[in-house]
Structure formats: C-alpha cells, structure tokens
Amino acid sequence: MDFIFANAPYVWIVLGIFLLVSEFLLPGTFVMFLGIGAVITGIASRLIHMEFYTQIIVWVFTSFISLLVGGAAIKKFFKSESSVDPYVKEDYIGQIVPVEVDILVETLGGKIRFQGTVWDAISLNEKIPKGSYVRILSRTNLTFTVELVNS
C-alpha cells in the first residue's frame with residue numbers, strides 16, 4: 001500500500017488514461033470525464049503535496065467540473081434532433097389481435113400478440129381476459145391501447 005501512496009500522482013495519471021481509453025469500449029461519455037478528473041488530480045498532486053483524502057476530493061471536484069463544462073461542449077458539438085420518420089406507418093391501428101395475458105384498465109401488465117411479438121397493452125374501459133380478441137386503437141412507445149372486439 002505504501003507504494004501506491006508514495007506514487008499517487010502517477011497512479012492518478014495512469015488511472016485517468018485508463019478511463020479515457022476505456023471510453024472507447026463503454027457507451028456514453030461519462031467515464032471520459034472521470035478520466036479527465038483523474039489526470040488533473042495526478043498533475044495537481046505531483047505539483048502540490050496533498051494527502052490522499054484531499055486527492056479524492058480534488059478528483060471528485062475536477063470530475064464534476066469537467067462533466068459540467070465538457071457536457072455542455074459535447075451537447076453543442078453533437079446536436080440531437082428528434083423527428084418523425086416518414087417511413088414508419090401507423091398501419092397497426094384497427095388490427096384485430098389475440099390477448100396473451102389479461103389486459104387491465106389503464107394499468108400495465110396486459111399482453112397482446114401482434115406480428116409475432118408479444119406487446120404490452122392497456123384498455124381504457126374494461127378488463128379483457130386472455131384468449132379474447134381486441135382491436136388496436138393507438139400506441140404510446142411500446143404499449144398498445146386496445147378495445148374488446150364483440151364477436
């Protein structure tokens with residue numbers, strides 16, 4: 001342990017470089033900011049003598065600041081946009097499908113089978129038992145709103 005504490009600046013720098021390199025293997029950009037904080041902490045602890053607990057505080061602080069500053073810069077550089085895909089058709093509306101799991105009123109838990117896949121479903125009016133057939137009224141994300149088909 002004494003070796004690590006004696007060479008803490010270098011350990012911080014190596015840890016920071018490791019975190020920066022691991023960013024290429026991990027999704028998102030969060031780890032990069034931890035790595036930047038570690039490199040800054042390593043440089044600062046090499047220039048100024050600090051206790052280990054102080055180094056931890058400096059790492060947390062510099063990681064947080066790099067996250068705030070770098071996150072804002074990344075958002076400006078990589079603008080996100082949301083749009084409606086013109087090729088996605090709402091051809092599911094009006095389809096009649098079987099109920100796989102009892103569908104509850106405005107509560108998740110019910111399931112329907114549509115195009116070979118089981119989907120979440122809710123009903124606006126009544127509980128619909130398994131084995132019944134329903135008509136698809138709408139979809140919100142991955143949940144269909146359905147109504148019972150009277151045979």
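Strand 4 and strand 5 make a hairpin with 2 residues between them, and Asn141 in the turn has a positive phi of about 55°. Strands here are DSSP runs of E (at least two residues), helices are runs of H or I (at least four), and both are numbered from the N terminus. This is a predicted model, where local features need pLDDT of at least 70, side-chain atom pairs count only at pLDDT 80 or more, and totals for chains, interfaces and linings use all residues. Residues are numbered from 1 along each chain as its sequence is written, and side-chain values use heavy atoms, leaving out hydrogens and water.

**Strand pairing**
- Strands count as paired if DSSP finds at least two bridges between them.
- Strand 4 (residues 133-140) runs antiparallel to strand 5, with 6 bridges joining them; Ile136 has Val146 as its bridge partner in strand 5.
- Strand 3 and strand 5 (residues 143-148) run parallel and are joined by 4 bridges; Ala121 has Phe144 of strand 5 as its bridge partner.

**Positive phi in loops**
- Most residues other than glycine have a negative phi.
- Glu106 isn't a glycine, yet its phi is positive at about 50°, and it sits in the loop between strand 1 (96-101) and strand 2 (110-114).
- Gln115 has a positive phi near 55° and lies in the loop between strand 2 and strand 3 (117-123).

**Exposure**
- Buried means under 20% relative accessible area, exposed over 50%, and partly exposed in between (1.4 Å probe, protein chains only).
- Glu106 is exposed because its relative accessible area is 57%.
- Ile17, in helix 2 (residues 8-22), is partly exposed because its relative accessibility is 46%.
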